[in-house]
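User: Please walk me through the strand pairing and the surface of this model. Keep it brisk.

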Amino acid sequence: MSTQKNVFLSISTDIIHGGHIRIIEQAAELGVLTVGVLTDKAVASYKRFPILPFEEREKIIASIKGVNRVVAQESFIPDEYLLSEKPDYLVHGDDWKTGMGASLRTDCIKILQTYGGSLIEFPYSDKPEYMAIEAASREQLSIPDIRRGRLRRLINLKGLVTAIESHSGLTGLIAENTIVYQNGNAYQFDAMWVSSLCDSIAKGKPDIELVDMTSRLRTIDDIMDVTTKPIIVDGDTGGQLEHFIYNVKTMERIGVSAVIIEDKTGLKKNSLFGTEVEQIQDSIECFSAKIAAGKQVQKTKEFMIIARVESLILEQGMEDALKRAFAYAESGADGIMIHSRKKEPDEIFEFITRFRSKNQNSCLVVVPTSFNTVYEDEFKRLGVNIVIYANQLTRSGVPAMQQAARMILENHRAKEADDICMPIKEIITMIPEK
């Protein structure tokens, strides 16, 4: 009877270096080694998007000496495998003893204790040359041709992706690096939304398309310079047809993944004002022609043009909204964004249900600024593909800055304000040196 121990090691990387080989060798010395390779969806949920797909990573790990078997791991914590297979040893690097990985380590230990398994940790390989390899891989993800297509890939991979507003390099870094661990899973934003509203506010300008596309592109460049995630651009009305065609070519070339344009004409007014201000909806024919013209000048199949339907905002009714959505999809729009000012999501749900009954292929986008009580899972079940959190960083940042300014004025010194301020050293460490 064999006395060999069963050993399990989890691997997520698609860049194999000496540190990975070493921990695989160490794990194999303990017994019969099974390696859990995280799926693309699992990796994308907590780390950078994998350059190599799961199938390739699986083959690479399986070919390494000492690996007896490879299994697909669907979540960051291998709870299903531990509970079903009950390996004698779980092997991991010791880097998760601190930081956000510490809670996951605790969860794994609790599972191991239920059946008498043990956790064995080896020193994490942090040689400069290994860090340089990872940095080079991250830089590759920021290349326009690679960044552009990742939004479509993420939608196909996850079904639903989330984007948060970014209006500067710093907010881009927040969108890029914020991760939350819950119940053995990791969550992060999949993309960034470059809003004309927030870009205008950051510059102290009214949201009436006063900040032109040249300035908008500088903001996009600032964000792209320090991030790798896909970017969705708020294109307002798209402007004149001739201008829209040019801007589509520019955005596609620099690596933007999608632009969303709304079916209105004239001086731009924010949609959340609804009928309180005069807003003119474009004709179906003219707006469809704009979409078709934009699609015609694309060089790749990756870039997306998404049509934003304003009928519910302008109280034109559900039938008008659906009629326009189907027409825009027919004209070549890759997706439809439906918007509402109402706090209850009923009309949004009705639109999604009725649209999906006839169109299962177009990407559906929602911006739950008003109807903010709906969970992402519910949107996903209905058939939504992109949820955009359109202005929360701007709205949370302004009152915090106002409070700090008031505290300094009230106390005639900065000490009291420091209690609500992040240490400048922590902010500096967020900024990449290269």
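Questions and answers follow.

Analyst: This is a predicted model, where local features need pLDDT of at least 70, side-chain atom pairs count only at pLDDT 80 or more, and totals for chains, interfaces and linings use all residues. Residues are numbered from 1 along each chain as its sequence is written, and side-chain values use heavy atoms, leaving out hydrogens and water.

User: What is the order of the open sheet of 5 strands?

Analyst: Strands are DSSP runs of E, at least two residues, and helices are runs of H or I, at least four, numbered from the N terminus. Two strands pair if DSSP finds at least two bridges between them. The pairing here is parallel, and the order is 3-2-1-4-5.

User: Over how many bridges do strand 4 and strand 5 pair?

Analyst: Strand 4 covers residues 89-93. Gly 93 stands opposite Phe 122 in strand 5. The two strands pair in the parallel sense, over 5 bridges.

User: Is Ile 174 buried, partly exposed or exposed?

Analyst: Ile 174 lies in helix 9 (residues 169-177). Buried means under 20% relative accessible area, exposed over 50%, and partly exposed in between (1.4 Å probe, protein chains only). Its relative accessibility is 32%, so Ile 174 counts as partly exposed.
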